[in-house]
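Here are my notes on the structure you sent.

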Amino acid sequence: MRYLPYVLKHLRASWIRTGSTVLAMAVCIFLFVTLQTFLAAIDAGLESASDRRLVTRNAVSLVFNLPLWYGERIRSVPGVRGVAYATWFGGVYQDPKNFFPNFAIDAERYLAMYPEYRIPTDELRAFLRDRRGAVVGRDLAERFDWKIGDVFQLESNIPPYRVGGPLQFVVRAIYDADLDRYPGTNLGLMFFHWKYLYEATGRTVSPGSFVELIDDPSRAGEISDAIDALFANSVAQTRTETEGAFRAGFVAQIGPLAFLLNAIGLAVTFTILLVTANTMSMAVRERRREIAVLKTIGFPSGLVMGLILAESFVLGALGAGTGILLGRWVVAVLPGLPVIGDIMRAFSTRGVDPLITVVAFGLGVSIAVAAGFVPAVLAYRLRTAELLRHA
C-alpha cells in the first residue's frame with residue numbers, strides 16, 4: 001500500500017492507454033461472465049430433470065404426434081407407476097416477442113408427477129374445474145402482471161392448432177417452487193387443459209409426448225426399451241428416454257454449444273493477453289530513464305519489478321471489476337429483449353453465480369499479471385548504465 005499512489009500516478013499519466021486497456025479487459029471478462037452464466041442456466045435446467053420421469057415421443061421427430069391410445073399400452077409396462085400426456089401449443093401472447101413456453105397437458109395426472117410445482121390447493125381445484133383454466137409460473141405472472149382470475153388469449157403458430165382465432169384462458173393458479181430442493185425449476189411456464197385444445201380443434205389433435213413416472217430410476221433404460229418395443233412395428237414408432245436426456249436433446253439441436261462458447265471466450269482471452277502485454281511493454285520502454293533513476297537512488301531491482309507487476313494487477317482489477325458489473329447488468333436485462341430474451345427465458349437463471357464472479361475476477365487479474373510479467377522481468381534484469389544510455 002505504501003507505493004500504491006506511485007502506481008496510480010503512472011496509470012493516470014497515460015490515461016488514454018490505461019482506459020483503453022481496462023476497456024479491452026472489461027470486454028473479455030464481460031463475455032466470460034455472460035457466456036458462463038448462459039451455460040450455467042442451461043445446466044441448471046438439465047439438472048432439475050427428475051430421474052424418475054421418462055418422456056416418450058415420436059421416433060422420427062417431435063413435430064409428429066402420437067396416438068392417444070398409446071397411453072393405455074404404456075401403463076401396462078411393468079415399473080410404470082403413472083402416465084400423462086402433453087402437447088407443445090406454441091401460443092403467442094399479443095406479440096411474438098412475448099414468447100413463453102405453453103403446454104396443453106393431461107392436467108391432474110401430469111401435475112401429480114411434478115412435485116416441484118407448488119400450487120395452493122384451492123387454486124389447483126379451481127384450475128381442474130375450469131376447462132379454460134391455466135396454471136402459470138410466478139415469474140410469468142410477474143412479467144405480465146397477471147393475477148388470479150385474469151383473462152388472456154393465445155394464438156398458436158402451429159397450423160393444426162390454429163382454429164380461426166385465439167384461445168381464451170383464465171388464470172386459475174400460480175405455481176411456485178422450492179428452489180433449494182428443486183434447483184433450476186422454471187417458473188416461466190404455462191399449462192392448460194389438453195381437452196380444451198382437443199375440443200377446440202374438432203377432436204383432431206393427439207398428444208405430442210407422454211410422460212411416465214417409474215418405480216426404480218435404475219431401471220430407466222430397461223423400461224424405456226420395453227415401452228419402445230410395444231410400438232416397434234407401428235406406423236408411429238417411439239423413442240423413450242429420461243427427462244434429462246430429453247431436455248439435453250433440445251440443446252444438442254444447436255450443436256456443441258458449450259464448446260463453441262468456450263472457444264469464443266478462449267480466443268478473446270488470448271487476444272486481450274497480447275494487448276495487455278503490449279501495453280505493459282510500451283510502458284516499460286517509455287520509462288527507461290525513470291527506472292534507471294529509481295535504481296540509482298537505491299530502489300532494488302526486485303522492488304522495481306514489483307511496481308510494474310502492481311500496475312498490471314491494478315489494470316486487471318479495474319478491467320475485471322468493470323466487466324463483472326457490465327456482465328451482471330446484461331444478464332439482468334437479457335430476458336427482456338426479443339429473440340435472445342426468448343432463449344434465456346427458456347432456461348431458469350437467477351443471475352450471475354458468485355463462483356462465476358470470483359473466477360472472472362481471478363481470470364482478469366491473472367491475465368494482467370501474466371501480461372506484465374515479461375516486461376517486469378526485463379526491467380529487473382536491465383542494468384542502470386544501459387538504461388541511462390538508451391533513455
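1. Start with R138 and D176. Their side chains meet in a salt bridge, at 2.9 Å from N to O. R138 sits in helix α6 (residues 138-144), while D176 sits in the loop between β7 and β8 (190-193), so the pair ties together parts that are 38 residues apart in sequence. R138 is partly exposed, at 31% relative accessibility. D176 also falls between the cut-offs of 20% and 50%, with a relative accessible area of 27%, and so counts as partly exposed. Keep in mind that this is a predicted model.

2. Now take R53 and E243. Are they buried or exposed? R53 is buried, with a relative accessible area of 2%. E243 is buried too, at 3%. Their side chains form a salt bridge with an N to O distance of 2.9 Å. The bridge links distant parts of the chain: R53 belongs to strand β1 and E243 to helix α9 (residues 243-252), 190 residues apart.

3. D145 and K147 give another bridge. The closest N and O atoms of D145 and K147 are 2.5 Å apart. D145 counts as exposed, because its relative accessibility is 52% and the cut-off for exposed is over 50%. K147 is partly exposed, with a relative accessible area of 44%. The count of salt bridges comes to 13.

4. The largest nonpolar core has 38 residues, and W146, F152, F169 and M190 touch the most other members. Which strand gives the most to this core? Strand β7 (residues 167-175) does, with 4 residues. A second, separate core holds 20 residues, among them M113, Y117, F127 and F191.

5. Neighbours within four places in sequence are left aside here. W146 is then in contact with Y93, F100, V136, L140, A141, F152, V171 and I174. W146 is also a member of one aromatic cluster, together with F89, Y93, F100, F144, F152, Y161, F169, F192 and Y196.

6. Aromatic pairs come next. A search of the whole structure finds 27 of them. One of these is W88 with F103, an edge-to-face pair at 5.2 Å centre to centre and 80 degrees between the planes. W88 lies in strand β2 (residues 80-88) and F103 in strand β4 (residues 102-105), so this pair links parts of the chain 15 residues apart. W88 is partly exposed, at 37% relative accessible area.

7. Look at the surface too. V60, V63 and F64 form a nonpolar patch there, with about 340 Å² of accessible area together. V60 is found in the loop between β1 (53-58) and α3 (70-75). V60 is exposed, with a relative accessible area of 67%.

8. Last, the overall numbers. The protein chain has 15 helices and 10 strands. It has 391 residues, of which 45% count as buried. Its accessible surface comes to about 19800 Å², and 61% of that belongs to carbon and sulfur atoms. Among contacts between residues at least 6 apart in sequence, 81% join residues at least 24 apart.

Technical notes. Residues numbered from 1 in each chain as written. Predicted model: local features only at pLDDT ≥ 70, side-chain atom pairs only at ≥ 80, totals over all residues. Heavy atoms only, no water. Patch = residues over 30% accessible without salt bridge, like charges linked within 9 Å, V, L, I, M, F, W, Y side chains within 5 Å. Areas by Shrake-Rupley, 256 points an atom, 1.4 Å probe, with all protein chains shown as cover. Salt bridge = Lys/Arg side-chain N within 4 Å of Asp/Glu carboxyl O. Helix = DSSP H or I, 4+ residues; strand = E, 2+ residues; numbered from the N terminus. Buried < 20%, exposed > 50% of the residue type's maximum accessible area, 1.4 Å probe, protein only. Contact = heavy atoms within 4.5 Å. Core = buried A, V, L, I, M, F, W, Y, C linked by side-chain atoms within 4.5 Å. Phe/Tyr/Trp six-rings, centres within 6.5 Å; stacked < 30°, edge-to-face > 60°.
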